[in-house]
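Take a moment with the sequence and the model. The paragraphs below go through the domains, then the ligand.

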Amino acid sequence: MKIGVIGTGYVGLVVGAGLAHTGNDVVCADIDDEKIQGLKEGKIPIYEPGLEELVHENLGAGRLTFTTDVPAAVRRSRILFIAVGTPPGEDGSADLQHVLAVAREIGRAMDGERIVITKSTVPVGTARKVREAIQAETDHRVHVCSNPEFLKEGAAVDDFMKPDRVVLGVDNEAVGRELQSLYEPFVRTGNQILLMDIASAEITKYAANAMLATRISFMNMIAGLCQAAGADADQVRLGVGSDDRIGPSFLFPGIGYGGSCFPKDVKAMVRTLRDTGIDAGILEAVEAMNESQKRFPLRILDQALGTDLSGRRIAIWGLSFKPNTDDMREAPSLVTVEGVLERGGEVVAHDPVAMEEARRLHFGDRIEYAENNYQALEGADALVLHTEWHPYRRPDFQRMRQLMRGDLVVDGRNIFPVQKMVEVGFRYHSIGRPPVIPAES
Ligand code: NAD
C-alpha cells in the first residue's frame with residue numbers, strides 16, 4: 001500500500017517507520033527542512049528506544065522515504081495520515097491550524113480518490129472540518145477517518161508495533177475493511193481492531209488520556225492526605241492497586257504529569273465539555289492538582305533553604321518529563337529550574353538524554369550541565385530528582401552525601417529507599433511518605 005504520513009514528529013516518524021516495516025511503501029513528509037535532510041541521512045531527531053534501527057532498516061530497504069514536498073507525497077499515496085501537532089490554543093482548546101493547513105494542502109494536491117486519516121489528537125467534530133477543508137479545494141472523492149494514536153513516548157515503537165487496540169473511526173464499510181487490513185499485521189496475537197463511528201473514535205483518545213491523568217491527580221491528592229496523616233502513599237498505592245477493579249497502573253504518586261499529551265489533552269477536553277454545556281469540574285480539579293504538584297520541589301526548597309537562593313547550588317537529576325525520552329514539553333523540571341533561577345540560585349542538571357534538548361529549547365547557558373549524575377552533586381545544597389531514569393534508582397548514596405555540601409534530597413518520584421536515606425543522613429522529602437529529618441538538623 002502506498003502511504004503518506006504528513007508531519008514527521010514523535011508520532012509521524014514512528015507510524016511511518018512502523019507501517020513501512022510491514023511492507024508498505026511509505027513517504028514521511030514534513031515542512032522542517034533540517035529534520036528531513038537529517039532523516040534522509042539516517043539521523044533520528046528524537047530519542048526513542050528502537051526507533052533508529054527501525055528507520056535504518058526500512059530506509060535501507062527502500063520502503064521508507066522522506067520529503068519536504070507535501071504535494072508530491074499526496075499525489076503518490078492512496079492513504080494519507082495527518083500527524084502534525086495540535087498544541088493548546090489560548091483558551092485551552094486544541095489549535096487545529098496545522099491540521100487544517102495540511103487538509104487544504106491535501107485538497108489542492110489530490111489527483112484522485114484518497115483516504116485521509118487524522119492521527120493527530122483532535123476534538124470531536126474535527127473530521128468534518130478536515131473533510132470540508134479538503135473538499136473546498138477539490139472535486140475528487142475523499143474519505144476522512146479518525147485513527148487516534150495511543151503510543152507512549154519512551155516505548156513508542158513497541159506500542160505501535162504491538163498495540164493494546166487499534167481504534168478506527170470510519171463512515172464507510174469498504175474503507176473500514178481497507179484500514180483493518182493495514183493494521184492486521186500488528187494485532188496477530190488477538191488484540192482488537194475496534195471499528196466505530198468517527199465521533200466515538202475522536203472522543204476515545206481524549207477519554208483515555210483524561211482517565212489516566214485523573215488517576216495520577218487522584219493519587220497525588222491521596223498522597224497529600226498520607227503526608228498529613230503520617231501514612232505511606234506507596235503502601236496505600238499497593239493496597240488500592242491490587243483490587244482487580246482498579247489495577248496497579250498509573251497510581252504512582254509524584255510531582256505531576258507532563259509531556260506533550262496529558263496537559264494539553266486535559267485542557268482541550270475541559271474546553272470541549274464547557275462548550276458543550278457539560279460540567280468539566282472533574283477535569284478542572286485534575287489539572288489544578290497537577291499544577292500544584294509540579295510546585296512540590298519549590299515548596300520544599302522554600303521551607304528548607306528560604307526563598308532567597310543566592311549562593312545556593314541546586315542539583316537536578318532528570319529533565320525529561322518521563323524516562324526513555326528526551327521530550328521536555330510541560331516537564332515538571334521546567335517549573336523547578338525556572339523557580340530556582342528566579343530565586344537567585346544556581347542550577348546544575350543531569351539527564352541521560354535530554355540535556356541537548358534542554359539547552360537548545362529552554363535554558364541555554366542559564367544552567368550548568370553535568371557530565372554524569374554524580375558530577376551534578378559536587379558542592380550542591382540540595383538534589384531534586386524529577387525523572388525516574390533507571391541509573392538514578394540505586395546510586396551510591398554514601399558518595400552522594402560526600403559530594404554534596406548540603407543534605408537535602410527531594411525525590412519527586414519516590415525511587416530512593418527511605419531507610420537508606422535515614423542511614424546515610426539525608427534530609428529527605430518524597431511524595432506522600434513521611435519526611436526524613438536527621439537528628440542534628
Ligand atoms: P511533533 O511536534 O513532534 O511533530 C509534529 C510535526 O509536524 C513537526 O515535525 C512539524 O514540523 C510538522 N508539521 C507542522 N505543520 C506541518 C505542515 N503544515 N506540513 C507538514 N508537516 C508539518 O508532534 P507529535 O508529538 O508527533 O504529535 C503529533 C500529534 O499526535 C499531536 O496531535 C499529538 O497530540 C498526537 N499524539 C502524540 C503522542 C506523543 O506521545 N507525542 C501520542 C499520541 C498522539
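Which side chain meets that of R329 in a salt bridge? The partner is E153, at 3.7 Å from N to O. A salt bridge here is a side-chain nitrogen of Lys or Arg within 4 Å of a carboxyl oxygen of Asp or Glu.

The model is predicted: local features need pLDDT of at least 70, side-chain atom pairs count only at pLDDT 80 or more, and totals for chains, interfaces and linings use all residues. Residues are numbered from 1 along each chain as its sequence is written, and side-chain values use heavy atoms, with hydrogens and water left out.

Now the layout. The protein chain is assigned domain 1 (2-196), domain 2 (206-292) and domain 3 (295-429). These bounds come from an automatic or database domain assignment. The centres of domain 1 and domain 3, taken over C-alpha atoms, are 37 Å apart.

Domain 1 and domain 3 also touch. Nine residues of domain 1 contact 10 residues of domain 3, where contact means heavy atoms within 4.5 Å. About 660 Å² is buried between domain 1 and domain 3, and carbon and sulfur atoms give 44% of that area. Buried area is the accessible area (1.4 Å probe) that two parts lose on being put together, summed over both. Y10, Y47 and E153 supply 77% of what domain 1 buries against domain 3, more than any other three residues. The rule finds one salt bridge across this interface.

Turn to the ligand. A polar side-chain atom of K35 lies 2.6 Å from a ligand oxygen atom. For E153, a polar side-chain atom is 2.7 Å from a ligand nitrogen atom.

Terms used: A polar contact is a pair of N or O atoms within 3.5 Å; within protein, one must be able to donate a hydrogen and the other to accept it, and residues adjacent in sequence count only if both atoms are side-chain atoms.
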